[in-house]
Amino acid sequence: MAYLLPTEFVTKMVDAGESKIYMSTRDTLIRAFMAGAILALAAVFAITIAVNTGNFLLGAILFPVGFCMLYLMGFDLLTGVFVLCPLAWLAKRPGVTWPQILRNWGLVFVGNFAGALTTAIMMAFIFTYGFSIDGGAIAEKVASIGEARTLGYAEYGTAGWFTIFIRGMLCNWMVSMGVVGAMISTHVSGKVMAMWMPIFLFFYMGFEHSVVNMFLFPFGIIMGGDFSVMDYLLWNEIPTALGNLVGGLAFTGLTLYTTHYRTKAKRVLTEKETASTATSATATIS
């Protein structure tokens, strides 16, 4: 499996951020829609496995298949553009401005949400045979998750809100590592392996992903969850999205960009330090 050095794949990150700014509105929306729909399908796939087998670990192990599919097809998640587009601005790529970055984020958000909601409606129809019966164990599980991860946080007020925010940070630290990991290899097998590990980690740890939640909570409401759209927005989606932005950019994007793209000049050793190094080397050889 071919491996790219960090200095090489960080340049690819900047290039990718620039390309997303120049992408047409139509293509941005289509790619975001498909990414949201596929990730939502992967989420319900993982939940179905966990409910039917009683083994959440197995569901978490298999969830990354959705992320791998959407990445290999060139589709875009909000969590990814949160990290990549600002790097193109930092690198002073022509035409990359904050209004253009915000435009891209807004379009990707709309596309992701539309795709996730479409999958939620289709899966709800399937589980209830056209809304003629209840959704069974899976519907009950999703509804309970929705309640626990909105009203459950609301019970703790500000502390609950910041708990979601931090879970969102940790989530996109891992998800963006998956995005970057896919750039370190030119082979499909290498890309999949690099993506699988951090995505598995975030899902099993229960971190908060804004696009997964665009499916999970509307689906939970449709399936009878006792929480409102406003509960979902205030006590999950907003702090999750903000946490995803901060975590992915701070822990992955800016760290890699700073140390591998815009590195500091190498240190110049003084004569004393040089002599000390030479003495240590001689002593080691002796």
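**The α11 and α12 pair**

Analyst: This is a predicted model. In α11, the residues that meet α12 are Ser210, Asn213, Met214, Phe217, Pro218 and Ile221. On the α12 side, their partners are Val229, Tyr232, Asn236, Glu237, Thr240, Ala241 and Asn244. Sorted by class, this contact has seven nonpolar, five polar and one charged residues.

Now the geometry. Two packed helices are described by the angle between their axes and the distance between the axes. Helix α11 covers residues 210-222, and helix α12 covers residues 229-261. Their axes come within 10 Å and cross at roughly 170°. Angles over 145 degrees count as roughly antiparallel, and α11 and α12 are therefore roughly antiparallel to each other.

Next, a residue in another helix. Leu29 lies in helix α2, residues 25-53. Its relative accessible area is 29%, so Leu29 is partly exposed. Setting aside neighbours within four places in sequence, Leu29 is in contact with Leu107, Val110 and Gly111. Leu29 and Val110 are 81 residues apart in sequence, yet their C-alpha atoms are 7.4 Å apart in space.

Last, the cysteines. The structure holds zero disulfides. Cys68 is in no disulfide, and the nearest cysteine sulfur, that of Cys171, is 15 Å away. Cys68 has 5% relative accessibility, so Cys68 counts as buried. Cys85 is in no disulfide either; here the nearest cysteine sulfur is again that of Cys171, 18 Å away. Cys85 is buried, with a relative accessible area of 0%.

Terms used: Residues numbered from 1 in each chain as written. Predicted model: local features only at pLDDT ≥ 70, side-chain atom pairs only at ≥ 80, totals over all residues. Heavy atoms only, no water. Axes fitted to C-alpha atoms, helices over the stretch in contact; angles between N-to-C directions. Helix = DSSP H or I, 4+ residues; strand = E, 2+ residues; numbered from the N terminus. Parallel < 35°, antiparallel > 145°, perpendicular 65-115°, else oblique. Contact = heavy atoms within 4.5 Å. Nonpolar A, V, L, I, M, F, W, Y, C, P; charged D, E, K, R; others polar. Buried < 20%, exposed > 50% of the residue type's maximum accessible area, 1.4 Å probe, protein only. Disulfide = S-S within 2.5 Å.
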